[in-house]
Amino acid sequence: MAAPLKWLRRNLVVVAGLLTLAYLIMPNIVVLVFSFNKPRGRFNYAWQEFSLDAWKDPCGVADMCGSLALSLQIAGWATLVATVLGTLIAFALVRYRFRARGAINSLIFLPMAMPEVVMAASLLTLFLNMGAQLGFYTVLIAHIMFCLSFVVVAVKARVMSMDPRLEEAARDLYAGPVQTFLRVTLPIAAPGIAAGAMLAFALSFDDFIITNFNAGSTVTFPMFVWGSAQRGTPVEINVIGTAMFAVAVLVVVAGQLISGRRQRAAAQQP
Amino acid sequence: MSTSTLTEAPPPVPQPQSPEQPVRRTVPTRRRLVPYLLLLPGILWLVVFFALPLVYQASTSVQTGSLEEGFEVTWHFQTYWEALQEYYPQFIRSLLYAGTATVLCLLLGYPLAYLIAFKAGRWRNLLLVLVIAPFFTSFLIRTLAWKTILADGGAVVGALDALHVLDVTNWLGWTEGNRVLATPMAVVTGLTYNFLPFMILPLYTSLERIDGKLHEAAKDLYASPATTFRKVTFPLSMPGVVSGTLLTFIPASGDYVNAELLGSTDTKMVGNVIQSQFLRVLDYPTAAALSFILMAIVLLMVTVYIRRSGTEDLL
């Protein structure tokens with residue numbers, strides 16, 4: 001009896017960590033398994049029997065794939081605008097001196113330190129007061145707003161760790177400011193910008209609370225899932241959820257492989 | 001002459017006067033404008049769509065009127081008092097649930113972050129991917145999955161019942177009868193689950209930065225593993241603890257998704273009230289006042305917490 005206890009004591013961190021991991025992964029496994037379910041009622045919460053129906057025609061549910069396309073469209077535009085604006089701010093913050101730095105820093109920090117529901121509600125009061133038509137554009141405006149700060153943080157971290165001598169070297173070699181920026185600065189900052197863009201895309205694509213307040217009758221994918229939790233959850237939701245999970249893992253693994261190969265190639269060079 | 005002088009910068013030579021003088025004077029002014037031009041579009045966006053809405057919300061909260069006749073600013077501050085009187089249980093519940101979820105996230109997340117940082121070896125990247133990967137399935141779908149996991153008569157509830165955990169939680173008022181769904185425990189489970197990665201990632205980042213030699217030094221000085229953790233590892237991971245708890249508590253305090261999907265009418269949080277007042281009841285002044293109070297409470301707590309933990313530079 002003593003031996004297993006001793007083993008448990010020595011490996012307590014590993015056991016506890018793996019239990020936490022199981023807690024994190026369990027819902028994804030449930031989503032995967034229940035994408036093969038054939039529920040009897042309107043809700044897909046209890047296991048009935050195995051079926052491939054949902055996988056054969058994932059867009060068979062009315063309006064679901066339309067909402068998915070809309071979410072992708074909004075996330076794409078929000079990512080583009082937030083990444084450009086956020087990158088400009090990050091460069092200004094790291095590279096230049098200017099007035100009101102403190103105020104600008106808190107304006108960037110505050111959206112991240114505020115419960116989403118507060119931003120959602122206050123933005124709605126603005127739109128109501130302006131008499132704006134709630135829909136695609138109000139959602140897009142809101143998404144750009146809350147993604148912006150996250151892009152700034154991601155890009156800033158990268159630009160701050162950049163060696164300024166590389167740009168000096170480029171100038172010494174008679175590169176003009178534009179050339180220096182395009183061929184030296186931008187490539188070095190690219191991983192930070194890419195990280196910011198990916199974060200913005202994920203945040204926008206999965207956003208519910210701000211969208212819920214400002215979408216009017218526009219239905220994004222999270223709004224569709226929310227509605228279906230009231231009306232009845234189609235199995236196809238789980239198919240989409242599982243497919244997104246699979247695509248994301250593939251992208252991450254591919255990215256790891258490519259960067260690993262690049263590092264090895266760089267190491268081989270004399 | 002040593003070689004090092006060759007790489008040093010030559011002494012400044014006074015520049016000969018040239019006809020370029022006027023051009024030089026304009027360049028600095030242009031350069032001084034550059035940061036403002038870079039900042040302008042993004043900051044303008046935040047001013048118009050983040051700061052200005054807060055002003056509108058503040059003004060809405062002191063308006064009176066009705067939807068048909070329109071609202072007018074009457075400096076009716078009583079709305080705040082009435083809103084607090086009516087909805088203080090939801091406020092207390094929000095802070096209680098979010099606080100509990102934050103503590104649970106720290107207790108659950110720390111071992112996993114520690115495992116990834118120090119013990120995972122070549123499995124490190126795989127474990128990190130597994131922590132981040134759930135993000136890519138819409139969080140609403142994953143929250144709905146908890147309805148299946150915690151279902152009445154399911155394996156989890158059965159196990160908790162057999163281990164007499166439910167007896168304890170019933171006594172504490174966290175669960176009722178043989179149910180976990182639609183109880184405070186279900187809501188806190190969902191909140192903890194939803195924000196756990198936001199705790200693990202900052203913890204991992206700060207743990208990973210710790211120099212392994214410090215652990216060796218502690219060992220050499222006859223510190224037990226427990227003492228090493230208490231005196232070396234944990235203090236050095238404080239920046240991660242602080243930002244992790246903030247990233248968990250702030251969104252959890254305003255959340256209404258978990259309370260709506262996993263809870264019952266007795267587990268409504270302040271987010272649920274704001275949502276229904278704004279989108280269904282259309283009582284804008286009350287909703288705005290509630291939202292403003294929530295913002296004030298959270299910002300106050302965050303400020304005090306950051307001051308106390310002395311990690312202001314982490315922002």
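A residue is buried if 20 or more other C-beta atoms lie within 10 Å of its own, exposed if 12 or fewer, and partly exposed in between, with C-beta atoms placed from the backbone. This is a predicted model, where local features need pLDDT of at least 70, side-chain atom pairs count only at pLDDT 80 or more, and totals for chains, interfaces and linings use all residues. Residues are numbered from 1 along each chain as its sequence is written, while chains are lettered from A and ligands numbered from 1 in the order in which they are written.

**Exercise 1.** Work out what chain A is built from and how spread out it is.

*Solution.* Start with the elements: helices (H or I, at least four residues) and strands (E, at least two) are DSSP runs, numbered from the N terminus. Chain A has twelve helices and zero strands. Chain A comes out at 24 Å, well over the 18 Å that the rule gives for 270 residues, so it is more spread out than a compact globule. Its C-alpha atoms fill a box of roughly 70 × 70 × 40 Å along the principal axes. Finally, 39% of the 270 residues in chain A are buried.

**Exercise 2.** Find where D63(A) and Y174(A) sit, and decide whether each is buried, partly exposed or exposed.

*Solution.* Begin with the backbone. Most residues other than glycine have a negative phi. D63(A), however, has a positive phi near 75°, and Y174(A) has one of about 65°. Now locate them: D63(A) lies in the loop between α3 (53–56) and α4 (64–95) of chain A, and Y174(A) in the loop between α8 (164–172) and α9 (177–205) of chain A. Then count neighbours. D63(A) is partly exposed because it has 13 C-beta neighbours inside 10 Å, whereas Y174(A) has 7 other C-beta atoms within 10 Å and so is exposed.

**Exercise 3.** Describe the two strands of chain B and how they pair.

*Solution.* Chain B holds 14 helices and two strands. Two strands pair if DSSP finds at least two bridges between them. Here β1 (residues 63–66) and β2 (residues 70–73) of chain B run antiparallel over four bridges. They form a hairpin with three residues between them, and Q63(B) stands opposite V73(B) in β2(B).

**Exercise 4.** How many residues does each chain give to the contact, and what is the side of chain A made of?

*Solution.* Two residues are in contact if their C-beta atoms, placed from the backbone, lie within 7 Å. By that test, chain A gives 66 residues and chain B gives 71 residues. On the side of chain A that touches chain B, the largest share, 15 residues, comes from α2(A). That side has 53 nonpolar, eleven polar and two charged residues, where Ala, Val, Leu, Ile, Met, Phe, Trp, Tyr, Cys and Pro count as nonpolar, Asp, Glu, Lys and Arg as charged, and the others, Gly among them, as polar.

How values were computed. Rg over C-alpha atoms; globule rule 2.2 N^0.38 Å.
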